[in-house]
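Biologist: I am new to this structure. Please show me how to read its features.

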Amino acid sequence: MIKGWETFHPDVLPDIEPGKPIPLVNRHLMRSAQYFCDVTRAWRITLDAITLASGITEYDIELEPGTELVRIEEATIDGQPLAVWRAGREPYEGSRYVHTPDGRSIQVSWTPSGAMTLVLTITARPGDSATGVDEALAARYSKVIADGAKASLNKSQSEQQTFIDECNTIAARVWRGLSSARPRAKAMFL
């Protein structure tokens, strides 16, 4: 379910210069949500299973309209973990892996010889044509996304830095698994 940009208006409009056109406000909300999703990787989606066919190595990624792929987080093939190759890394020699060359399709590194089931978990973000964000994302992070839009609409460097800091803090929590336990460090004495 998508929550429209107007959901954020009560948190944005009172804190910006009066008379800003609503399409401009919505554009800044979209850019704020895109940045938020890129940095935090908080919008995770497990896509419908893709059945690999014999001899075919490339498949389309079926995303909801107005949604873009940020990155493939993990993959399984027939329920077993599958490596995900990312641009800028050396390809895995002699290993099976999946990657996306363009953010709209995926390729497997081998030629399947029979039907196999591939499941991808991805990070998504709103696309340029998005009319809002995922309901769960809006419910949890609406204030942060609104803060980012206000910062850019007000052209405030301090507000922008606060937004960036908030995104980085959330990213650390997401990557840590939202754990309430603190990571332990073993003391080392020399």
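Modeller: We will go through the core, the salt bridges and a surface patch. This is a predicted model: local features need pLDDT of at least 70, side-chain atom pairs count only at pLDDT 80 or more, and totals for chains, interfaces and linings use all residues. Residues are numbered from 1 along each chain as its sequence is written, and side-chain values use heavy atoms, with hydrogens and water left out.

Biologist: Which residues have the most contacts inside the largest nonpolar core?

Modeller: A nonpolar core is a set of buried Ala, Val, Leu, Ile, Met, Phe, Trp, Tyr and Cys residues joined through side-chain atoms within 4.5 Å. Buried means under 20% relative accessible area, exposed over 50%, partly exposed in between (1.4 Å probe, protein chains only). Here the largest core has 47 residues, and F36, L52, V98, I106, L118 and L120 have the most contacts inside it. Elements that each supply at least two residues include α2 (22-40), β9 (116-126) and α3 (135-154). The largest share, 8 residues, comes from α3. Helices (H or I, at least four residues) and strands (E, at least two) are DSSP runs, numbered from the N terminus.

Biologist: How many salt bridges does a search of the whole structure find?

Modeller: Side chains of opposite charge can pair when their charged atoms come close. A salt bridge is a side-chain nitrogen of Lys or Arg within 4 Å of a carboxyl oxygen of Asp or Glu. The search finds 9. One of them joins E73 and R44 (3.9 Å, N to O). E73 lies in strand β5 and R44 in strand β2, so the pair ties together parts that are 29 residues apart in sequence. E73 is buried at 14%, while R44 is partly exposed at 38%.

Biologist: Which residue meets E68 in a salt bridge?

Modeller: R125 does (2.9 Å, N to O). E68 is in β5 and R125 in β9, so this pair ties together parts 57 residues apart in sequence.

Biologist: Are D147 and K150 buried or exposed?

Modeller: Both are buried. Their side chains meet in a salt bridge (3.3 Å, N to O). D147 and K150 are 3 residues apart in helix α3, so about one helical turn separates them. They also belong to a network of salt bridges with D15 and K143.

Biologist: Which residues form a negative surface patch?

Modeller: Patch residues have over 30% relative accessible area and no salt bridge, with like charges joined within 9 Å and nonpolar side chains (Val, Leu, Ile, Met, Phe, Trp, Tyr) within 5 Å. Here D48, E58, D60, E62, E64 and D102 form the patch. E64 sits in the loop between β4 (58-60) and β5 (67-77). E64 counts as exposed, at 61% relative accessibility.

Terms used: Accessible areas come from the Shrake-Rupley method with a 1.4 Å probe; for residues, only the protein chains shown count as cover. Lys and Arg count as positive and Asp and Glu as negative; His and the chain ends are not counted. The place of a charge is taken as NZ of Lys, CZ of Arg, CG of Asp or CD of Glu.
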